[in-house]
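Visitor: I have a model open and would like to learn how to read its features. Could you walk me through it?

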Amino acid sequence: MKFIVRLFPEISIKSKPVRTRLIKLVKQNIVNVCKHHNIKVNALAQWDKVIVVFNDEEHPVSKEHAITELSRIPGIHSFMEVNEYPFNNLDDLFETIKDKVGPSICDKTFAVRIKRKGNHEFNSQQAERVIGGKFKATFPNKGVCLDNPEVMIHIEIENQTAYLSGEKYLGIGGYPVGSQGDVFSLISGGFDSGVSTYNVLHRGCRVNYLFFNMGGTAHEIGVKQEAYFIWDRFASSHRVRFVTIPFEPIVGQILERTHHGVRGVILKRMMMRVGSLVAKKFDAEALVTGESLGQVSSQTLRNLNHIDDVCDVLLLRPLVTADKQDIIDKSREIGTIGFAESMPEYCGVISDHPNVCPTAAFVEEEEAKMDADLVQNAFESMKVVDINDIPSDTSKLKTEIEIVSELSKSDVILDVRAPDDVEKAPLTGFENEVICMPFYKTASDFNTLDQLKTYALFCDQGVMSTMQAKQLKEKGYHNVKVFRPER
């Protein structure tokens, strides 16, 4: 199985040295991505394309799988499957390909497009007329249509080899990952950070992930899963880091010591200070955030300026002018919407009557009430994980299911017992809402519940409830725990 890969148009207008470098990088990224997914491939970089051959006879890759992987690699504009034939002359070429192509033009309009390289007795237009005329005369059709044909026949003739192209597939465009340097993306699991991360890797950045943990183990699991998802789907050509910064001490002092009107801005400023240290340690050139102008109080022009003031590296905001609905739509397109919909927003928790245009002096005065060593302590407490190790790392964390014997008023009891067990011994004596969802339906039907609520899973022995809670966490739901009342 062979494909001709075309490059993002912006690559084609670069100078010769830059274009050559980018083409080689696209080729290497294709090889690296396929290696990550255990696919054997050969790739050959040429001036205007990359030829990709999937050739593992022992473990052949399906056409659908190959198309899926190529369609997600930044730098690729489009690609077509091709069949290779020896070329002697146009008459022989037509006889070779007619039975493969001819049936597709029956009762349809068609056109032939030929690109030619090498020394031949004809040019591309002459070859198109000869091959097109033979198809028109040999198969029933509605004629040649050069402007908008129903069927387009693509042929490339390069010296003594001809390539017949099949259906055209679109890539995601952009620049190849690794072409624009290293960055750290501040990822929280919400809509914005997932989309901003995708946008910068789409433009060629090698994206590392920086997570400020304010929500405990469950939040960390969800964010790691989303980071791995983005990397595995769009950027597995390069190994990167996932850095976790324990941020509870900083959040605690913000809540205890600072004025409520500037807490959100101070939180972001502390993130930028720590993030700058992380970026410098690992030689990254920028930090990336999902901030959008005016979306929340800490993202007014005045407050964004206050945040910028303490950042010691370049700060990129790919979504700064994006509308929220456009961000949500993009998260659906790239596949991160499921993570965002089930992820609590922790940054907003500390906001209380925020000030949208505080003075720099007031922000600095409030920050001075916090311990001076908080930033350094947070930086020194960071945990670094290779992105490729996240699956095994999170599976260890997933075993930490919260088990409670008492409920808070807002908890909903999710009774996962079999219906006959519920009928024999219904739950009574609780003020909490009770929903019955048998264990064999929990995984498939849990998404129909209100995800803003927390669910305490219950069964008689605590075995099925624990198993279902683990499964739900593995599916990305973190608003679950296990309820084992004292007997």
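**Reading the core and beyond**

Guide: Let's begin with the largest nonpolar core: of its 37 residues, Leu210, Ile245, Phe247, Met272, Val274, Val278 and Leu287 touch the most other members. A nonpolar core here is a set of buried Ala, Val, Leu, Ile, Met, Phe, Trp, Tyr and Cys residues joined through side-chain atoms within 4.5 Å. Buried means under 20% relative accessible area, exposed over 50%, and partly exposed in between, with a 1.4 Å probe and protein chains only. In soluble globular proteins, nonpolar side chains tend to be buried together.

Before we go on: this is a predicted model, where local features need pLDDT of at least 70, side-chain atom pairs count only at pLDDT 80 or more, and totals for chains, interfaces and linings use all residues. Residues are numbered from 1 along each chain as its sequence is written, and side-chain values use heavy atoms, leaving out hydrogens and water.

Visitor: Which elements give two or more residues to this core?

Guide: Strands S8 (182-186), S9 (206-213) and S10 (241-246) do, along with helices H8 (248-257), H9 (263-281), H10 (301-308) and H14 (374-380). Helices (H or I, at least four residues) and strands (E, at least two) are DSSP runs, numbered from the N terminus. H9 gives the largest share, nine residues. Apart from this core lies another one of 32 residues, including Ile187, Phe191, Val200 and Tyr209.

Visitor: What does Met272 contact beyond its neighbours within four places in sequence?

Guide: Contact means heavy atoms within 4.5 Å. By that rule, Met272 meets Leu186, Leu287, Thr289, Ile307, Val310, Cys311 and Leu315.

Visitor: How many residues of H9 are buried?

Guide: H9 is mostly covered, with 15 of its 19 residues buried. The helix reaches 27 Å from its first C-alpha to its last, close to the 27 Å expected at 1.5 Å a residue; the expected span is 1.5 Å times one less than the number of residues. After H9 comes Asp283, with a positive phi near 60 degrees.

Visitor: On to strands. How do S2 and S3 run, parallel or antiparallel?

Guide: Two strands pair if DSSP finds at least two bridges between them. Here S2 (residues 41-45) and S3 (residues 50-54) run antiparallel, joined by five bridges.

Visitor: Where is Arg417 found?

Guide: Arg417 is in the loop between strand S15 (412-415) and helix H16 (419-424), and is buried at 5% relative accessible area. A polar contact is a pair of N or O atoms within 3.5 Å; within protein, one must be able to donate a hydrogen and the other to accept it, and residues adjacent in sequence count only if both atoms are side-chain atoms. The Arg417 side chain makes one with the side chain of Asp415 (2.7 Å) and reaches the backbone oxygen of Ala425 at 2.9 Å.
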